[in-house]
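Please walk me through this structure, from the single chain to the pair. Keep the terms defined as they come up.

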2 protein chains.
Amino acid sequence: MHILILGAAGMVGRKLTERLLRDGRLGKDTITKLTLQDVVAPAKPDTTIPVETVTCDFAVPGAVEPLVASKPDTIFHLAAIVSGEAEADFDKGYRINLDGTRYLLEAIRAISGGYKPRVVFTSSVAVFGAPFHEKIDDEFFLTPLTSYGTQKAIGELLLADYSRRGFLDGIGIRLPTICVRPGKPNKAASGFFSNILREPLSGHEAVLPVSDDVRHWHASPRSAVGFLLHAGTMDLQTLGWRRSLSMPGLSATTGEQIAALARVAGPKVAARVRREPDPTIISIVAGWPRDFSDERARKVGFTTFEKTFDDIIRIHIDDELGGNFVN
Amino acid sequence: MHILILGAAGMVGRKLTERLLRDGRLGKDTITKLTLQDVVAPAKPDTTIPVETVTCDFAVPGAVEPLVASKPDTIFHLAAIVSGEAEADFDKGYRINLDGTRYLLEAIRAISGGYKPRVVFTSSVAVFGAPFHEKIDDEFFLTPLTSYGTQKAIGELLLADYSRRGFLDGIGIRLPTICVRPGKPNKAASGFFSNILREPLSGHEAVLPVSDDVRHWHASPRSAVGFLLHAGTMDLQTLGWRRSLSMPGLSATTGEQIAALARVAGPKVAARVRREPDPTIISIVAGWPRDFSDERARKVGFTTFEKTFDDIIRIHIDDELGGNFVN
C-alpha cells in the first residue's frame with residue numbers, strides 16, 4: 001500500500017508518519033511506500049520502508065498532479081493554512097485551503113482507469129459558528145464565522161460530491177482542538193488551550209487570556225492520529241454520502257483544564273498559569289463551539305484514548321516529556 | 001440606483017426585469033439604470049429607463065469585471081446551470097455555478113473605495129438531501145445529493161464569508177420549485193411539477209412520471225419575484241452572518257396539485273394528466289425536500305402571494321394565459 005500525506009511536516013502529519021512507520025501497516029495492508037509532502041521539507045525518517053519526501057506548495061497549479069500520478073492508495077490531506085493566518089491573509093487562505101483542495105480532487109478525477117483512492121480530509125470544528133446549541137448535534141448546519149471555517153466547510157462539500165460521483169472515496173473528519181499541542185505556538189487563536197498546560201509542565205509561565213469558564217472541545221494528539229487511521233481504513237458505506245463528521249472529544253472549561261493540571265502535576269505547576277484577559281481573543285473564542293454530541297462518530301468506530309482531561313495531560317507527559325515534568 | 005441582473009434572460013430574470021421596469025424603483029430608490037446580462041441575448045425592453053444588455057458567459061475569467069466596474073448598487077445573481085445539466089456535465093456545472101460565482105465576488109472585492117453592493121444570490125432547496133425531517137427547519141445541515149446543490153451550498157458559504165469580511169452585503173435565498181413555470185420545459189428534473197398544470201391548461205396532455213403522493217415545496221413565479229425584491233431591499237442586519245435562508249412556500253403532493261387543477265379548471269382539464277411512472281425520475285425525486293419550516297423567512301418579511309395551491313394555478317392563468325385556459 002502506497003500512502004501519500006499532504007502537510008506531513010505539521011504536528012499531526014509528523015505524528016501520523018511516526019505511527020504509520022512504527023506499525024508498518026495501515027489496517028490489514030502492509031505499507032510499501034510513503035510519500036511525505038509539505039511546503040517546508042518533511043524530515044526524512046529512519047526506516048526500511050521506502051519514503052519519498054517532496055517539498056512544494058501543493059496549491060500551485062500543476063503541483064499536486066505529480067504527487068497523485070503514481071496512484072497512492074490512501075491520501076491523508078492535512079495541508080492547510082491555520083485559522084489565524086487565513087483570517088489575516090484572505091487570498092492566501094482561499095488559495096491554500098480552497099483552491100489547493102480542489103486541485104487535489106481534480107488531479108485524482110483526471111486519472112482514468114478506475115483509480116479511486118481513499119481521501120482523508122482533516123476538517124475542523126471551526127465549520128460551526130455561534131449561536132448554536134450547547135451540544136452541537138450531527139445534523140446542525142455549518143455556519144462558520146471565519147474564512148478558515150468557510151474553506152473547510154467548502155472542502156467537506158466538495159469531498160462529498162466527488163465521492164458521490166465516484167471519483168474518489170472520501171471522508172472528512174472534524175478534529176477537536178488538539179490538546180496538548182506540543183512544540184511552539186502557531187498562529188492558531190486556540191493556542192492558549194495548550195499553552196496553559198504545556199508551558200507550566202516544562203517550568204514556564206503561561207497566560208490564560210480568557211476567563212476560567214470558557215468551555216471548549218478537545219482531543220489528544222494520540223487520539224487525533226487514531227481518528228486518521230480509522231478514517232483511512234473504515235468502511236465508508238456506513239456514512240452514506242454524508243462524508244464528514246465531528247470527531248469524539250472531551251468538553252472542558254479552562255478552569256477544569258487547570259484543575260486537572262493541579263491534580264496530575266500538583267498545585268505548584270498549576271500556579272504557573274497567569275490570568276491576563278485579552279479582549280480580542282475573548283471575542284474570537286466567544287464564537288467557538290463548546291460541546292458536541294459525538295454519537296455518530298463513536299457509532300462508526302471512532303474512539304479516544306482519554307476518558308478524562310487528566311488523561312489528556314498524562315498522554316502529553318508520556319508522549320512528549322518522557323514521563324517527566326518540571327515540578 | 002443602478003441594478004445589474006446576471007442571468008437576466010432566464011424565466012425568473014425576465015419576470016424580475018418586467019417587475020422592476022413596471023415599478024420604476026426598488027424599494028425607495030428610483031432605478032436610473034438597469035444592466036441585463038445573460039449568455040443568450042436578453043430581450044431589450046421597451047422603457048424610458050436606460051437599459052444596457054450584455055451578452056456574455058459571465059464565468060469566463062475577466063468577463064464579470066466590466067459588469068461591476070460601474071459599481072451597480074444592487075446585483076441580482078441568477079446565473080446558473082440547472083440541476084440536470086450540472087449533473088450531466090460535471091465541468092460545466094462547476095465552472096458556471098462555482099467559478100462564475102467566485103469571479104463575481106472577487107470582482108466586487110477588487111473594487112476599492114468602500115464599494116459594497118447588495119448581492120442577492122438565488123440558491124435552491126437542492127442544498128438539502130435526504131434523509132431529512134419531514135419539515136426541514138432553519139438549522140438543518142446542508143447535505144446536497146447533486147452537484148448543483150453542492151455548488152449552490154458553496155455559493156452560500158462564500159456569500160456569507162465575503163459579507164462578514166465587509167466586501168459586499170449579500171443574501172442567499174433558497175427558492176422553492178417555481179410552479180407553474182411558464183414556457184417550454186428546461187433540463188431541470190423537477191419539470192413535471194409544472195408540466196402537469198401548464199400543459200392541461202393549454203389543451204395538451206402531460207405526463208406524471210411519479211406517484212400521486214410525491215410531496216414537494218412550491219412557490220409561484222410572482223412570489224419568486226417578490227422574494228427577490230424583498231431580498232434586494234430588506235435590512236440584512238437582522239440575519240446576522242447567516243445570510244442564506246429557505247423561502248416560504250406551499251407543500252403539496254402531486255395528487256393535491258391535480259385536485260387543485262380540477263377545482264380551478266374542471267375535471268376535463270385535470271383528466272389530461274397521464275400517469276406514466278419513470279423509475280429514473282422517481283429515484284431522483286426521492287431525495288428531494290418535501291416540506292419546510294419557513295418561520296425564519298416569514299419573520300424577516302418574506303411573503304407569498306398564494307395561500308393555497310388553487311391560488312398558484314389562478315396566478316398562472318392570470319399572469320401567463322390572460323385569464324383564460326382551454327377547457
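The tour below goes from the overall chain to its sheets, its domains, some local backbone features and the contact between copies.

This is a predicted model: local features need pLDDT of at least 70, side-chain atom pairs count only at pLDDT 80 or more, and totals for chains, interfaces and linings use all residues. Residues are numbered from 1 along each chain as its sequence is written, while chains are lettered from A and ligands numbered from 1 in the order in which they are written.

Start with chain A as a whole. Its secondary structure comes to 12 helices and 14 strands. Helices (H or I, at least four residues) and strands (E, at least two) are DSSP runs, numbered from the N terminus. Along the principal axes, the C-alpha atoms of chain A fill a box of roughly 60 × 45 × 40 Å. Why does a radius of gyration of 19 Å agree with a compact globule? Because a compact globule of 327 residues would have a value near 20 Å, the 19 Å of chain A agrees with it. The radius is taken over C-alpha atoms, and the globule rule is 2.2 Å times the number of residues to the power 0.38.

Now turn to the sheets, seen in chain B. Strands of a sheet pair through backbone hydrogen bonds, either parallel or antiparallel. Here two strands count as paired if DSSP finds at least two bridges between them. One open sheet of chain B has 7 strands, in the order E5-E4-E1-E6-E7-E8-E12, with parallel pairing. From one strand to the next, the twist averages 15 degrees. Axes are lines fitted to C-alpha atoms, for helices over the stretch in contact, and angles run from 0 to 180 degrees between N-to-C directions.

Look inside that sheet. Strand E1 (residues 2-6) of chain B pairs with strand E6 (residues 74-77) of chain B in the parallel sense, over 4 bridges. Leu4(B) stands opposite Ile75(B) in E6(B). Helix H5 (residues 147-164) of chain B packs on the sheet. H5(B) touches strand E7 (118-124), strand E8 (169-175) and E12 of chain B, and its direction makes about 155 degrees with that of E7(B). Contact between two residues means that their C-beta atoms, placed from the backbone, lie within 7 Å.

Another open sheet of chain B has 3 strands, in the order E9-E11-E13, and its pairing is mixed. Strand E9 (177-178) and strand E13 (250-253) of chain B stand at the edges with a single partner strand each, so one side of each is left without a neighbour in the sheet. E9(B) pairs with strand E11 (residues 215-219) of chain B in the parallel sense, over 2 bridges. The bridge partner of Thr177(B) in E11(B) is His218(B).

Next come the domains. Chain A is divided into domain 1 (2-178 + 218-246) and domain 2 (189-217 + 250-291 + 305-320). These bounds come from an automatic or database domain assignment. The centres of the two domains of chain A, taken over C-alpha atoms, are 27 Å apart. Their contact takes 18 residues from domain 1 and 17 residues from domain 2 of chain A. On the domain 1 side, helix H3 (83-88) and helix H7 (221-233) of chain A are the elements that give two or more residues. H7(A) supplies the largest share of that side, 3 residues.

Some backbone details deserve a check. A cis peptide bond joins Ala130(B) and Pro131(B), with omega about 0 degrees. Pro131(B) lies in the loop between E7 and H5 of chain B. Another cis peptide bond joins Cys179(B) and Val180(B), with omega about 5 degrees. Val180(B) lies in the loop between E9 and helix H6 (192-201) of chain B.

Finally, bring the copies together. Chain B can be laid on chain A with an RMSD of 0.0 Å, by a turn of 180 degrees and a shift of 0.0 Å along the axis. That is the relation of a two-fold axis. The superposition uses least squares on the C-alpha atoms of residues with pLDDT of at least 70 in both copies. In chain B, the C-alpha nearest the axis is that of Phe141(B), 1.8 Å from it.

At the interface, 17 residues of chain B are in contact with 17 residues of chain A. H5(B) gives the most to the chain B side, with 7 residues. The copies meet through the same surface, because 100% of the interface residues of chain B are also interface residues in chain A.
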